[in-house]
Amino acid sequence: MQIRHTLQEYIDALRDAGILTAHNVEGTLARQTITCLTYDTRTLSADALFICKGAHFKEEYLHAALAGGAVAYVADHRYEVDAPYILVSDIRYSLVVLGQLFYNKVTQAIASVAITGTKGKSTTAYYVRYILNDWLAAQGKPPCAILSSIDNYDGVVSEESHITTPEVLELYGHFQNAVDSGISHLVMEASSQALKYGRVRGITFDVGAWLNIGSDHISPIEHPDFDDYFASKLKIFDSCRFGCVNTDAQHAQRVVEYAKSRCELITFGSHESDTIDCQSVEKRADGLFFTVRSPKYNGEFSITMPGLFNVSNALGAMAISTALNIPEEFVRSGLRRARAGGRMQVYESRDKKVTVIVDYAHNRMSFDALYRSVKVEYPGRKMISIFGCPGNHALQRRRDLGELSGQNCDFVYITEEDSGSEPFAQIAAEIARHVACPHLILEDRDECIRRAILEDTGERVILLTGKGEETRMKRGSVYVEYPSDVEMARRYLAVYDESEAGK
């Protein structure tokens, strides 16, 4: 049973953290037990402490919270309401302080792994998940929890994800569910925004992993420049016991220097000096095979997920496994079995003339790696790319993806991809300015996929990027149901096969 705390204990915790500025909680109210901590009126229950946070917070939300059972509110300034208040100097950090108390430091009760990188976070998380699950199953233990941009599983909740790293209280809730479910390990992605704004502050991860960094998420509403993006990602090493660093990535030496003074360092890459040293890679009919030399794992390993770049992600998973002291046999089996929904999923027509690759690639690094890998693995084939860009963030992608697709593809469809409140036509026009090859702007994603599979000619590779297995599309401020790229690819390949069989 979860231990509950009084309002006074929350006030004391904020004072001890040095962020309490004022309050008017006295007497009996101070001894009130808090049974709900939230910033969302939809999750409110009686005896709640309500937190007023967010750039779009409105006073009407506070009125609704007080009417719904909140006994006091936390904010960075007073509101014009007659209610008990607790004022703080840092509302973001107050979430960590209050959340850690409410959940009784549950983040310390489970082994945890956090992975950051401009690309490859999800795939690496899934490699680790499969490795862990093989090891845990052999011990008769439940599978690990995972929080990724693909999906979330914590022993209680199993859901499609729509944010890379959950907000603070939701994050702690996942940890609590995992502990209550008897789960011993949790693997998660740590986005630059989560690191920058302190969503993972207060958690000491057993392992933190740095995969790579490129120019992404740089805009007036995210990271103002690369230095801010870089500094945000480095924060992962401020709160982990082991730090894993990819030495083949750009700026690796700066990352190593930062990490080694803060945690026990494990490096991985193609250098003899690396802890995990990849000595060779070979593509065979049944997968990618690579030879590794390390203190713990040696010899030939293999992965069946396509894409040469996934060898680097597999090495990252091996570095994490080293820190967790996982036996080699489970590293081998886990890497071999691993799959990540929406990552390098390959579908082919019966006559092998049409190959569709569904991948979540959505930034310059992932597009570049995807295009290079496809050229190696499908030489001489026509390349058709179908993609868009999200509304209102990661604005630099529009130029980056437009340039890369124009340089590498024979034809490009620019289509809808979570436009949100920004007009699709505006997003598409900004992408199209940089596409140097033949292209078409067509908002209907389904129609783009249909045309590429059924109306184009010749041997071709069709790349469906950005959405993977997601089943919703963001329009305005809401998500609406929408068929996944996987579903549409299968549907039109079936139509293609039927039409070819009738000829």
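Modeller: Before we start, one cut-off: a residue is called buried when its relative accessible area is under 20%, exposed when it is over 50%, and partly exposed in between. Also keep in mind that we're looking at a predicted model.

Colleague: What does A48 touch, leaving out residues up to four places away in sequence?

Modeller: I34, C36, G69, A70, V71 and A72. Take A70: A48 and A70 are 22 residues apart in sequence, yet their C-alpha atoms are 4.3 Å apart.

Colleague: What makes the sheet an open one, and which strands stand at the edges?

Modeller: Follow the order, β2-β7-β6-β5-β4, five strands with mixed pairing. The edge strands are β2 (20-23) and β4 (36-38); each has a single partner strand, so one side of each has no neighbour in the sheet. From one strand to the next the twist averages 20 degrees.

Colleague: How do you know that β2 and β7 pair?

Modeller: At least two bridges are needed for a pair. β2 and β7 (residues 85-88) have three, and they run antiparallel. One to look at is H23, whose bridge partner in β7 is I86.

Colleague: Which helix packs on that sheet?

Modeller: α1 (residues 7-16), which touches β2, β5 (48-51), β6 (70-75) and β7. The direction of α1 makes about 145 degrees with that of β2.

Colleague: I86 again, then. What is I86 in contact with, beyond its neighbours within four places in sequence?

Modeller: Its contacts include L7, I11 and L14, along with L20, H23, L49 and Y73. In the largest nonpolar core, which has 60 residues, I86 is among the members that touch the most others, together with L49, I51, M188 and F237. Helix α4 (residues 91-102) gives the most to this core, seven residues. Apart from it lies another core of 45 residues, including A125, Y126, C244 and A323.

Colleague: Over to the helices. How do you know that the length of α13 agrees with what a helix should span?

Modeller: α13 (residues 396-408) has 13 residues and should span 18 Å at 1.5 Å a residue; its end C-alpha atoms are 19 Å apart, so the two agree. Its buried residues include R397, R398, D400 and L401. Among the elements covering them are α12 (364-377) and β21 (382-387), as well as β22 (411-414) and α14 (424-432).

Colleague: And what makes α10 mostly covered?

Modeller: The count: 14 of its 15 residues are buried. α10 (residues 310-324) reaches 21 Å from first C-alpha to last, close to the 21 Å expected. N325 follows α10, and its phi is positive, near 60 degrees.

Colleague: Where else is there a positive phi in a residue that is not a glycine?

Modeller: K352, at about 65 degrees, and D418, at about 60 degrees. K352 is in the loop between β19 (345-348) and β20 (354-359), while D418 is in the loop between β22 and α14.

Colleague: What makes F102 and Y103 a pair, and of which kind?

Modeller: With centres 5.1 Å apart and 80 degrees between the planes, they are an edge-to-face pair. F102 is buried at 7%, and Y103 is buried at 15%.

Colleague: How many aromatic pairs does the structure hold?

Modeller: There are 14. Ring pairs also link F50, F57, Y61, Y73, Y79 and Y85 into a cluster.

How values were computed
Residues are numbered from 1 along each chain as its sequence is written. This is a predicted model: local features need pLDDT of at least 70, side-chain atom pairs count only at pLDDT 80 or more; totals for chains, interfaces and linings use all residues. Side-chain values use heavy atoms; hydrogens and water are left out. A nonpolar core is a set of buried Ala, Val, Leu, Ile, Met, Phe, Trp, Tyr and Cys residues joined through side-chain atoms within 4.5 Å. Buried means under 20% relative accessible area, exposed over 50%, partly exposed in between (1.4 Å probe, protein chains only). Helices (H or I, at least four residues) and strands (E, at least two) are DSSP runs, numbered from the N terminus. Contact means heavy atoms within 4.5 Å. The expected span of a helix is 1.5 Å times one less than its number of residues. Axes are lines fitted to C-alpha atoms, for helices over the stretch in contact, and angles run from 0 to 180 degrees between N-to-C directions. Rings of Phe, Tyr and Trp (its six-membered ring) pair if their centres lie within 6.5 Å; planes under 30 degrees apart count as stacked, over 60 as edge-to-face and the rest as tilted.
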